[in-house]
Amino acid sequence: DASDNIPGVPGVGEKTALKLLWEYGSVENVLENIDKISGKKLQENLRNNTDKALLSKKLATMLYDIPTEIDLDKMSYRRPDEKVFAGALDKYVLKSVARIWHEHHGIGEEERGIAQEEALKPWPLRELSTEEWLVQLAKWQADTTPLILTYGSTGGNPHWGKVTGWGMAAVGESFILNWTDADPEVRQAFIQLLEDPAVSKQVGDSKLLYSLLLNEEINLRGVALDISLAAYLINPTRNKFESLELVKEYIPGVGEFGNLAEEASALAQVADSYKETLEELGLSALLHEMEEPLSPILARMENQGIAVDVQRLKEFGQELTVELQRLEQEIYADAGETFNINSPQQLGHILFEKLGLPPMKKTKTGYSTDADTLEELRTQHPIVDKVLDYRQLSKLMSTYVNGLLAQIHEERVHTTFQQTVTATGRLSSTEPNLQNIPIRLELGRLLRKVFTPTQEGWVLLSADYSQIELRILAHYSQDQVLCESFSLNQDVHTRTASEVFGVPMEDVTKDMRRKAKAVNFGLIYGLTDFGLGRDLGVPRKEAKTYIEKYFHRYEGVKRYLEEIVVKAKEEAQVRTLLNRLRRIPELRHPNRVQRQFGERIAMNTPIQGTAADVMKLAMLGVAEALKPYRANLLLQVHDELVIEVAPEDVEEVAKVVRDEMENAFPLSVPLTIECKTGPNWYDMESYSFE
DNA sequence: GGCTTTTCGACTCG
DNA sequence: TCACGAGTCGAAAAGCC
């Protein structure tokens with residue numbers, strides 16, 4: 001644990017350490033059995049660092065022989081007053097502690113019974129003939145009990161995969177249906193079942209299933225529970241959502257599944273536990289009314305894809321290549337030798353050893369050569385600027401030209417929106433990531449020209465929330481100045497500068513506004529003088545005075561941030577306006593740095609997470625409102641929606657989009673959007689209403 | 001020794 | 001020693017057969 005200065009053994013990280021301890025039981029035993037351990041390098045490291053290994057263990061071991069005056073007898077455990085204790089557990093929603101306590105002090109046999117039942121018993125697999133399938137499917141069609149569905153697919157990218165088979169579980173029985181060569185009649189009946197909203201289905205990763213089924217033009221309906229999304233809301237920081245992992249949560253020690261039917265019957269046996277936990281945590285509405293309905297919308301967006309002008313992208317790549325080659329030659333000339341500019345190691349050697357530039361800071365493996373460092377060295381040697389340019393171009397070429405080209409299918413790219421990844425409730429985007437297409441620097445921004453509507457003559461419409469996070473902060477804090485600023489629709493950074501620097505708004509200089517803007521951003525992140533100072537390039541002390549001045553003028557914000565941290569510490573969790581939950585174990589971490597990290601999470605998550613909630617609600621509204629029009633939702637970039645629309649519908653679509661976004665969820669300050677339209681994602685012009 | 005996986009450092013976005 | 005939340009790339013290091 002580097003943050004506690006515990007050295008450990010080089011080359012042994014969490015993975016290797018756990019493996020060794022699992023096998024040998026103790027550090028000492030590992031060291032005695034070095035010969036038996038596979039891996040020559042590993043053996044050598046352990047031999048050469050025996051002392052470090054033992055020291056590390058010593059440092060991390062709790063001491064039990066501290067002299068103390070506490071009377072141990074007085075500390076002996078006595079059974080608590082059941083009523084008081086149960087009341088306390090109830091107050092703090094410590095459901096699982098309550099369960100454990102009841103198990104150990106087992107009053108009723110009922111609790112014991114539940115514990116017994118925790119073992120997984122696979123439901124018998126029924127094999128059906130074609131006729132039997134038709135009967136069974138008709139029965140489910142008429143039934144109201146939920147059907148648990150699992151599915152196998154061709155794998156890989158969901159956008160060109162197919163379902164290969166189904167597993168089902170219901171009322172103590174399980175079934176398998178080979179989809180690839182199913183009888184046509186059975187197929188038809190099953191499709192009808194899938195598309196019937198009245199037949200409730202419980203599944204894992206419904207968005208994947210929506211996607212796969214869209215490939216064969218089947219519209220899945222009636223998803224009554226998505227267990228992956230349920231697990232995500234219960235703990236948004238978990239990272240495994242495979243069925244097996246979801247089952248293990250409530251039935252520990254389960255091995256692997258033999259087939260789709262076993263998977264289905266296992267999921268069936270934990271589905272109710274998930275529902276109960278959701279209910280206990282107050283997350284059911286968020287699941288059923290926000291996340292679950294969002295999945296099919298995201299699947300549609302992914303399936304639709306966004307068109308890419310391949311010719312233009314290739315030309316852009318050729319221009320970059322020319323420029324990269326020129327820079328490369330100049331850099332080699334300045335360095336006096338050729339080397340791999342993309343290697344931080346080799347670059348560090350050239351800059352700090354050969355050319356003798358002063359190293360600013362270090363990474364764990366050598367000299368730091370990041371943009372901040374190089375920025376400092378710009379004036380000292382002409383090579384530095386060229387390296388910065390080279391890096392920028394090289395990123396554009398590798399990730400955005402070559403990376404994007406590799407993802408194109410029939411002139412379009414189809415991202416995958418991840419709905420269970422972020423700790424705050426945001427979406428993320430992968431393969432390709434379309435949420436980080438360059439915009440800040442002009443050269444990179446030009447790339448946006450290649451993103452166009454699929455149909456000739458259509459236009460792109462982009463609508464983004466203006467300052468949504470600061471508006472949410474205003475709503476939470478009810479700070480008088482901040483609320484007023486938004487009610488009057490002022491430029492919030494200028495107003496902040498005016499307050500902090502004590503000048504009228506019209507006298508605010510560009511530099512004052514820039515600093516105020518940094519403070520406003522910092523607030524959302526859980527402001528530190530160190531971070532603000534680094535961001536602004538001013539001494540930490542100066543940053544501190546800005547913060548003090550800010551909090552002097554914005555007392556409501558100050559009070560809110562203090563209160564949310566206090567509350568978060570009491571509960572070890574925070575929630576968004578729509579009740580999304582994030583536990584923050586860091587707040588109870590023994591290490592101070594970790595605890596402070598927890599405090600910043602407590603300040604940031606309700607804001608970032610509420611913004612994510614509002615956007616998700618807006619998407620539900622927008623998707624529904626777009627149905628009568630020739631328009632497709634294409635992308636969500638956190639506070640922006642990108643839509644393609646036929647020219648004759650632009651005016652009305654812009655109106656309904658604005659209406660849905662601005663009224664997605666009422667805050668005590670107005671929410672406003674800015675709308676732009678254009679032939680591609682670069683040439684966008686402000687769209688003015690009326 | 002050669003191939004694959006993981007980690008690191010750099011860059012991109014809101 | 002630090003701003004919050006993400007993803008991808010190429011190089012280097014580590015792991016595996």
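Trainee: Before we go on, what should I know about the model?

Mentor: It's a predicted model, where local features need pLDDT of at least 70, side-chain atom pairs count only at pLDDT 80 or more, and totals for chains, interfaces and linings use all residues. Residues are numbered from 1 along each chain as its sequence is written, chains are lettered from A and ligands numbered from 1 in the order in which they are written, and side-chain values use heavy atoms, with hydrogens and water left out.

Trainee: OK, how many bridges join S13 to S18?

Mentor: Six, between residues 459-465 of S13 and 673-678 of S18, and the two strands run antiparallel.

Trainee: What's the strand order in the open sheet?

Mentor: S16-S17-S13-S18-S19, five strands with antiparallel pairing. Two strands pair if DSSP finds at least two bridges between them. At the edges sit S16 (631-636) and S19 (685-686), each pairing on one side only.

Trainee: And which strands does H27 touch?

Mentor: H27 packs on the sheet against S13, S16 and S17 (640-645), and its direction makes about 165° with that of S16. Contact means heavy atoms within 4.5 Å. Angles run from 0 to 180 degrees between N-to-C directions, and axes are lines fitted to C-alpha atoms, for helices over the stretch in contact.

Trainee: How many residues surround DNA strand C?

Mentor: 38, and the closest are Asn340, Ala423, Glu431, Gly522 and Arg534.

Trainee: What sits by the phosphate oxygens?

Mentor: A side-chain N or O atom of Ser428 is 2.8 Å from one, and for Arg582 the side-chain distance is 3.0 Å. With Glu431 a backbone N or O atom lies 2.8 Å from a phosphate oxygen. The cut-off for a polar contact is a pair of N or O atoms within 3.5 Å; within protein, one must be able to donate a hydrogen and the other to accept it, and residues adjacent in sequence count only if both atoms are side-chain atoms.

Key
A residue is near a molecule or strand if one of its heavy atoms lies within 4 Å of it. Helices (H or I, at least four residues) and strands (E, at least two) are DSSP runs, numbered from the N terminus.
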